[in-house]
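Hi,

Here is the structure I promised to pass on.

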Amino acid sequence: MNTNKIQHVSSPALRLPLSPRPNPSGAGAKLEVPEAKPLTILRASKSSVTIEDTIPQDVFEQAVDQSEALNDQVREQFVVGGRLGEGTYAIVYAGYYRQNPEHRVAIKKIKLNAEFKDGIAMDAIREIKFLQELEHPNIIKLHAVFSTKDQNLSLVLEHLPYGDLEALWKNKDVAYGAADIKAWAIMLANAVWFCHANHVLHRDIKGNNILIGPDGGIKLADFGLARGFADPGRPMTNQVITRFYRPPELLYGARYYSGAVDIWSMGIVISELCIRNFLVPSNTDIEQITAIEDIFGTPTDADWPFVSTLPLYKMTFDPANIKRPRPHSWWLQTMGILGSDGIDLLRGMLTMNPLLRLDSQRVLYHPYFANAPRPTMKEMLPRAGGGLKQTAEDHVRMESERVERFERGDKVARKLDFGAMRN
Amino acid sequence: MRLTEDDLYRTSTQYKHWSFTPAQLADQRKTTNISASERVKQNVARKRAAKAFDTPTASDNGSGVDTNGANTPLRTVDREVNCLTVAEEKKLVDTFCERALELGTFLNFPTEVTATGIQFLRRFYLFNSPMTYEPQTISRTAMFFANKVEGAHLTLEKYVASFPKATAEQVLAPEYLIVQGLRFQFQVRHPFHGLKGGHLEMMEMSRGNAEPLPASEKTKEEIQEELFQLPRKPNGPAQDMTVKQLQGRMGNAYALASKILKGPAQLTDAYFLYTPSQIWLAAHLLADEPLTLFYLSTKQALDSPLLQKLLAVIRECAALLSSHHSYTSDQTSPAEKAARDKAEKEEVQKLIKKLKQCRDPDKIDLVKLNQAQKRDAVKSEDGGSGLEESKAKRRKLGREKYEKEADEFFGPELGKKNVAVDVETKGV
């Protein structure tokens, strides 16, 4: 500002020290003392000119950091459009590539969180860390990340305008069949396999984190709770995965676990697609254990060695009330649409003992996917309306839901950091 | 469907954006050095001009001789800014990486947290100069950020408490700067898991349990037998070891290699120039050459072109690792090591002194800078027209104050070992 103003003052003494020179004030060089006259004029003027302000702006611009320049370059690639939605923790904007307005994106701007005292929030760090590394057709694509002047991080994400899998099975206007379920299942299985092959646990797989792309393909999203595989012997938190999708070992308080946790969640998602309802809904963690045991039976050391040593197992275990698992006929009746091979796969994914549960590799190799009917081509999959608005709503919702459950100063988070994790 | 380690590594940001040839690395450092030097000179010039400009008013009350101050002499004689060279910058960064390593040990950080923090520092200073951003400040923040990235979860409060003189604000101020300098790529691929895996595989071989590759001509029993006879040193006499002796040898090799990975591998350009598996194999080669060569020969015939090519790279990497002054092997004498360390220390002290003379005056107080940035952003979002006078003044005063304090920047060393901070792995 005020660059023009200073140029009116035609004192050579003034111009001299102000013009940037390659190597100014060489050894012993004496600066001419500026005359006081222009100075007083300057000071007298009501404008708030300080020396700093009189330096032409381009001096700074020439001298931007390389990384700052790089960031600006990235930011320049995108045109940020209207605000699509706003949640407590993120604002989502419509956007597109400057070079190609056809190429639309969703720009998720993480809000600064005043409550989190430790700087950039963990969920933002995790999401960026893992999405930067994972490139797969069934995982949401992170086009770029940039920061804005007010130090907010913006994630440029794939534009996914057609809602999510949970909205899909809830939408009674959408009809789908066995081949469609198989198509969704194999895409999800691919995504999960890819995460695990890259040694990443997603830890929040559920219907509404699985988004539907413009080509009908599904994309696993929301890596805010993801983490790399832990070294053997290093504990992890069991306070992850949305309750309906949380596997029994986490409910029993296991602190050492594997990709098997994601497989359980995936099994629940597929079963929900079949019954178009939640398989094991509940209101509390205890209820969740009950709901699971109602279907899968109460695990004992006989069928799941050492399960009784898990920290929270004893809390619900009642020797007088050991439940038996539902018979195979129940599966045929409820999940009949999958066929017997599909039921075999599903039961493999929903095995109580995580060591016996199928891993992501074995899920993919299951004959169900090779058998008839062939999975529907993704372009032919049924879907609901969707649209730009939906994308934003999905991103905002995912963000705030997760955050409310696991992060940022609520009771759960405090427990997560200091309390339950001690032992 | 299986992804090989190579497939996985090639899709990583470490491979795509943080791997270089030596020439590329040198070029990048040169670019950074030139642009930082130019900026330092410009900003110093501006400061001096500003100072000269202010002098008359300052002397108004004092001398009273000349009310317009036209003849007031300048108090200081300006010297030419003597900027750091590329090599000096690198040396400084290396030094602060070493200090970061000490900090990690002091804080009981898990290995990968410290290692990630150090690599963040190295990556950051590929695009930024220590003249612009003071390495002690940056390393403190980089280490805290690494702690978050690796999910170790030491809270800021506890982290800050472990420094004699640091505030939460100071630690957080450069966070965005660092995140941006890392190009928002936070995953660092370390060689630790690879080493562990290789070691476990060798242990299985020693038990005669390791299934050879389909192409291999040896049976698992033959592999075990050959291991028993493996010479201790290259071209040494054949041995006749028991399983226990062999496993002891493997354990020693693992321990030494692991030490190299935690030290020299972090403190050199190894991560920029080599892949994690090349690095661990190089470390293992330094630890026990015959064992490492034998291990490789169970994967590929030793005289195959592929393995020869790989070996050349591994030896190159091993040379880099063993060139670091912290490297010790059986061959390094204590006197030799002491001499190396002493020379190192003297050089570093000189450099730190030099750095004080060529700091970018605009970037000394990152806390203020950070606040100003946020404030400006708010202003511009409001459509405001710049800063009010009082704020500008206050900021200027603050900046000057911090310039004075700049000398103290290198003052406090890392805290004494009296604050025990327990970063037991709280898992996430």
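Below is what turned up when I went through the aromatic side chains.

Keep in mind that this is a predicted model. Searching the whole structure gives 25 aromatic pairs over all chains. Take A:Phe78 and A:Tyr97: their ring centres are 4.7 Å apart and the planes meet at 55°, so this pair is tilted. A:Phe78 belongs to strand β1 (residues 78-86) of chain A and A:Tyr97 to strand β2 (residues 90-97), so the pair ties together parts 19 residues apart in sequence. A:Phe78 counts as buried, at 2% relative accessibility. A:Tyr97 has a relative accessible area of 19%, and the cut-off for buried is under 20%, so A:Tyr97 is buried too.

Over in chain B, B:Phe109 and B:Tyr159 make a stacked pair, with 6.4 Å from centre to centre and 10° between the planes. This one links distant parts of the chain, 50 residues apart: B:Phe109 is in the loop between α4 (86-106) and α5 (111-127), while B:Tyr159 is in helix α7 (residues 156-161). B:Phe109 is buried at 7% relative accessibility, and B:Tyr159 is buried at 0%.

Back in chain A, there is also an aromatic cluster made up of A:Trp169, A:Phe244, A:Tyr245 and A:Phe278.

Then there are charges over rings. A:Lys182 lies over the face of A:Tyr368, 4.5 Å from the ring centre. In chain B, the charged end of B:Arg183 sits over the ring of B:Trp18, at 5.8 Å from its centre.

Cheers

Note on methods
Residues are numbered from 1 along each chain as its sequence is written. Chains are lettered from A and ligands numbered from 1 in the order in which they are written. This is a predicted model: local features need pLDDT of at least 70, side-chain atom pairs count only at pLDDT 80 or more; totals for chains, interfaces and linings use all residues. Side-chain values use heavy atoms; hydrogens and water are left out. Rings of Phe, Tyr and Trp (its six-membered ring) pair if their centres lie within 6.5 Å; planes under 30 degrees apart count as stacked, over 60 as edge-to-face and the rest as tilted. Helices (H or I, at least four residues) and strands (E, at least two) are DSSP runs, numbered from the N terminus. Buried means under 20% relative accessible area, exposed over 50%, partly exposed in between (1.4 Å probe, protein chains only). A charge sits over a ring if NZ of Lys or CZ of Arg is within 6 Å of the ring centre and within 35 degrees of the ring normal.
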